[in-house]
Each structure stands twice: as structure tokens, then as C-alpha cells.
Protein chains: 2
Amino acid sequence: MLTSAKTALLSFAVLLPLAVFLPRMPAAGVSPEYTAKGELQFPTGYRDWVYLSTGYDMSYNPALQSPGHHMFDNVFVNPDAYKSFVEKGTWPDKTMLVLEVRGGEGKGSINQKGSYQGTELMGLEVHVKDEARFPGKWAFFSFDDTKTAKMIPLTADCYSCHAAHGAVDTTFVQFYPTLLPIARAKGTLSKAYQKETGAPQGQ
Amino acid sequence: MLTSAKTALLSFAVLLPLAVFLPRMPAAGVSPEYTAKGELQFPTGYRDWVYLSTGYDMSYNPALQSPGHHMFDNVFVNPDAYKSFVEKGTWPDKTMLVLEVRGGEGKGSINQKGSYQGTELMGLEVHVKDEARFPGKWAFFSFDDTKTAKMIPLTADCYSCHAAHGAVDTTFVQFYPTLLPIARAKGTLSKAYQKETGAPQGQ
């Protein structure tokens with residue numbers, strides 16, 4: 001889900017601030033929806049989905065310069081997919097992982113140190129599993145607004161990086177603290193991840 | 001919800017690591033449950049509740065020394081209370097705000113910079129609104145395990161700090177990015193918060 005820092009920064013740099021207040025929708029039974037042109041509809045109700053984790057200033061490139069501000073990445077998944085993962089340790093068809101980016105605020109109200117999340121939505125990317133639709137089963141979409149998004153081309157770094165390093169089925173379950181133990185217990189960790197970390201299955 | 005850093009550190013220092021895998025329960029219609037001795041039952045299904053926000057190394061005391069490691073604070077609320085807040089900008093009776101603490105991991109897998117959340121649950125506190133039960137309507141509980149917790153005494157810093165600085169009804173809505181605009185629009189920001197920040201209502 002988390003794209004490479006380079007790709008992420010490129011994406012977010014051109015994103016318009018998405019400060020629109022998002023209406024709430026029932027979360028049960030959501031599926032990816034597309035326009036006639038194949039663009040993904042904005043997953044309006046994602047803040048009511050199941051939360052997986054948050055990263056802070058994460059980067060996959062040690063040489064990359066800091067952007068001069070702090071960033072939080074919050075990840076959500078549609079409830080049906082989450083339920084299936086808890087049962088089986090794998091993602092079902094129609095899984096949607098949403099990466100929401102917010103800036104880190106420092107001093108403010110009574111906070112003196114560290115960071116809390118700002119009200120402005122700085123970026124939103126979706127990783128969709130739609131087996132019949134995408135050649136590699138999964139696709140990434142990056143939203144510039146809260147309407148629709150084009151698919152990120154398969155040549156982008158995010159695809160190869162997720163394929164090479166994702167702990168489960170091209171997704172970064174290694175960064176989702178409640179799901180990693182499930183994948184380990186169910187024996188669904190990818191061979192690449194096991195080799196990279198020496199992490200055994202079934203423990 | 002977020003207690004003062006001093007209180008939080010004192011609490012978390014004595015918390016046993018809560019590494020137990022938490023079973024999942026239906027989230028709808030949850031209410032606080034107590035033992036015969038008045039201890040709060042662990043909110044088992046809170047990871048399926050609605051996510052509000054995450055803080056990173058937050059501290060309300062500028063003089064406090066850094067603990068030598070990074071900490072994430074994830075906040076969840078029971079779905080009924082969330083739904084009510086979205087409609088009215090206020091918390092209903094039986095609101096439960098859960099603060100989950102996880103350590104920040106640095107380099108790991110492909111991550112080179114910043115932090116992601118560790119699998120070990122380092123602490124858990126709950127802020128409960130139960131109007132008939134608590135003199136000030138709200139109470140804090142800090143869990144040492146995943147079973148039950150005693151109420152934190154009313155003399156603790158967290159009560160006075162939340163009362164003096166909470167943006168809405170003694171809660172730190174100022175740190176919950178999707179709820180702050182709702183409170184502002186609904187005109188439910190506390191007078192103390194408005195005075196502290198100069199933040200106008202209804203905008």
C-alpha cells in the first residue's frame with residue numbers, strides 16, 4: 001500500500017489539498033466502483049472502515065531528503081476484506097486499502113512536543129484487488145480530488161516494490177501490527193518477505 | 001483522552017506488555033461493562049471501532065525528557081458514539097474513547113526512515129462517559145492487562161487537564177482531524193478551547 005517514498009512524494013506534491021468534508025456512508029459490503037473510462041470512484045466512506053496502522057515520516061529511500069515537514073500515513077481497509085483477512089490471513093477479491101496522508105502539526109493547543117494530525121487531507125491513494133479487472137490482480141490509484149482517479153501505470157515503482165517486498169500478496173502487512181501476527185500464524189507470509197527478514201511462519 | 005505526558009509515562013512505565021492477540025467482537029451497540037468491584041472490562045473489540053487519529057511522541061510538558069524511544073498513540077471510539085458526534089458535535093452517554101499505545105519501529109523490512117508501529121501493545125487507556133455512574137460524567141481507566149482496570153482517581157492530572165483544555169466536553173477533539181471541523185460547524189467547542197486558541201465557532 002505504501003508506495004515508495006519517491007513515488008509518494010511525486011504524487012503528493014501535485015495533489016490539491018483535499019480539505020472537503022467527506023460525507024459518511026455505510027461501510028458494509030463496499031466494493032470498488034469505476035467510471036465508464038475506468039477511473040476509480042473516491043471511496044467516500046473509508047474513514048468508517050477498519051483502521052490498520054499509521055506510519056510517520058516513513059521512507060524507503062535512505063538518500064531521500066526530508067520534505068521539510070512531517071507526514072502521517074493512515075491505512076484503512078474495507079470491513080469485508082478485513083474480516084476475511086482475520087479468518088484466513090489473505091486478502092479476498094475486491095479488497096480496497098486506502099492510504100490517507102495528513103501533515104504533522106507540532107506545537108498547538110496544549111501539545112508541546114511531537115506531532116498530531118492536521119485537519120487537511122494531503123493525499124489519498126487506494127490499492128485495489130480486482131482479479132478479473134487487473135492483469136496483476138491489484139492496481140494503485142492516486143486521487144487529486146475527492147471524485148475519481150486514474151490508475152497508476154503498471155510501470156510505476158509502487159508495483160515492483162510491493163511485489164518484491166510485500167509481506168502478504170503484494171501488500172505491506174509487515175507494517176500493520178494486528179495483521180502481521182495473523183499472517184504468521186496462518187502461514188500466509190510471502191516467500192520474499194520470509195527470505196528478507198528470516199521470519200518463520202506459524203509462530 | 002490523551003493524558004498528560006507525565007501521567008501517561010507513569011502509567012505506561014508500569015504497564016505489562018499486552019502482547020495477547022485480541023479476539024474480535026461485533027462493534028455495534030457496545031457499552032462500558034463493569035465488574036462487581038466497579039472495574040472496567042477490557043473493550044475487547046476496540047480495533048473494529050471507528051478510528052479518530054494518531055499522535056507521535058506527543059507531550060504536554062516541554063521540560064519532560066524524551067523516553068528514549070518513539071511512541072504512537074492511536075485513538076478509537078465506539079461506533080454509536082461516533083455516529084452521534086457526526087450528527088450533533090457532542091458525545092452521547094456511554095461514549096468510550098480508547099487510547100492505544102504502540103512503540104515506533106525505525107529501520108525494518110524496507111523502511112529506512114521514520115517510524116511504523118510495532119506489534120506489541122504497550123498500553124491502553126479508556127475514557128468513559130457514563131453520566132449516572134461518575135460524578136463528573138467521565139472517568140479514565142488504565143489497563144495493565146487485557147482483563148479489567150481500576151478507575152484512575154479523580155485527583156489525577158488527566159481529569160483537570162482534560163477539563164481545562166478539551167475542545168469538546170473534556171475530550172481532545174482538537175487532535176482528531178475529522179471531528180474538529182464538525183465541532184466547529186455545530187458550535188460545540190468549549191469556551192476554554194475557544195479562548196485558548198481564538199478559534200471561532202460556526203466556520
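Colleague: How many of the residues of strand S3 of chain A are buried?
Modeller: This is a predicted model, in which local features need pLDDT of at least 70 and side-chain atom pairs count only at pLDDT 80 or more, while totals for chains, interfaces and linings use all residues. Residues are numbered from 1 along each chain as its sequence is written; chains are lettered from A and ligands numbered from 1 in the order in which they are written. A residue is buried if 20 or more other C-beta atoms lie within 10 Å of its own, exposed if 12 or fewer and partly exposed in between, with C-beta atoms placed from the backbone. S3(A) is largely enclosed by the rest of the structure, because its buried residues number seven of the seven.

Colleague: Which residue stands opposite Asn74(A) in S4(A)?
Modeller: Strands count as paired if DSSP finds at least two bridges between them. S3(A) is joined antiparallel to S2(A) by six bridges, with Val50(A) opposite Val77(A). S3(A) also pairs with S4(A), again antiparallel, over seven bridges. In this second pairing, Asn74(A) stands opposite Glu100(A).

Colleague: In what order do the elements of chain A run from the N terminus on?
Modeller: Elements are DSSP runs numbered from the N terminus, helices being H or I of at least four residues and strands E of at least two. Chain A has five helices and seven strands. From the N terminus on, they run α-β-β-β-α-β-β-β-β-α-α-α.

Colleague: Within what arc do the buried residues of helix H3 of chain A fall?
Modeller: H3(A) spans residues 157–165, and its buried residues are Cys158(A), His162(A) and His165(A). The arc is taken over the directions from the helix axis to the C-beta atoms. These residues line one face of H3(A), because down its axis they fall within an arc of 90°.

Colleague: Which elements are included in what covers the buried residues of H2(B)?
Modeller: Helix H2(B), residues 79–88, has Ala81(B), Tyr82(B) and Phe85(B) buried. They fall within an arc of 100° seen down the helix axis, so they line one face. The cover over them includes, from chain B, S2, S3, S4 and H4.

Colleague: Which element gives the most residues to the side of chain A that touches chain B?
Modeller: Residues are in contact if their C-beta atoms, placed from the backbone, lie within 7 Å. The contact takes 41 residues from chain A and 41 residues from chain B. Elements giving two or more residues on the chain A side include S3, S4, S5, H4 and H5. The most, nine residues, come from S2(A).

Colleague: Which residue of S2(B) is the bridge partner of Ser115(A)?
Modeller: Between the chains, S5(A) and S2(B) run antiparallel and are joined by two bridges. The partner of Ser115(A) in S2(B) is Tyr56(B).

Colleague: Which residue of chain A comes closest to the rotation axis?
Modeller: Superposition is by least squares on the C-alpha atoms of residues with pLDDT of at least 70 in both copies. A rotation of 180° with 0.0 Å of shift along its axis superposes chain A on chain B, at an RMSD of 0.0 Å. The copies are thus related as by a two-fold rotation axis. By C-alpha, at 3.1 Å from that axis, the closest residue of chain A is Tyr51(A).

Colleague: What ipTM does the predictor give the complex?
Modeller: By pLDDT, the predictor's confidence in each residue from 0 to 100, chain A averages 86, and 84% of the residues score at least 70. Over residues 1–26 of chain A, however, the pLDDT is below 50. For the complex, the pTM is 0.86 and the ipTM is 0.85.

Key
Contact = placed C-beta atoms within 7 Å.
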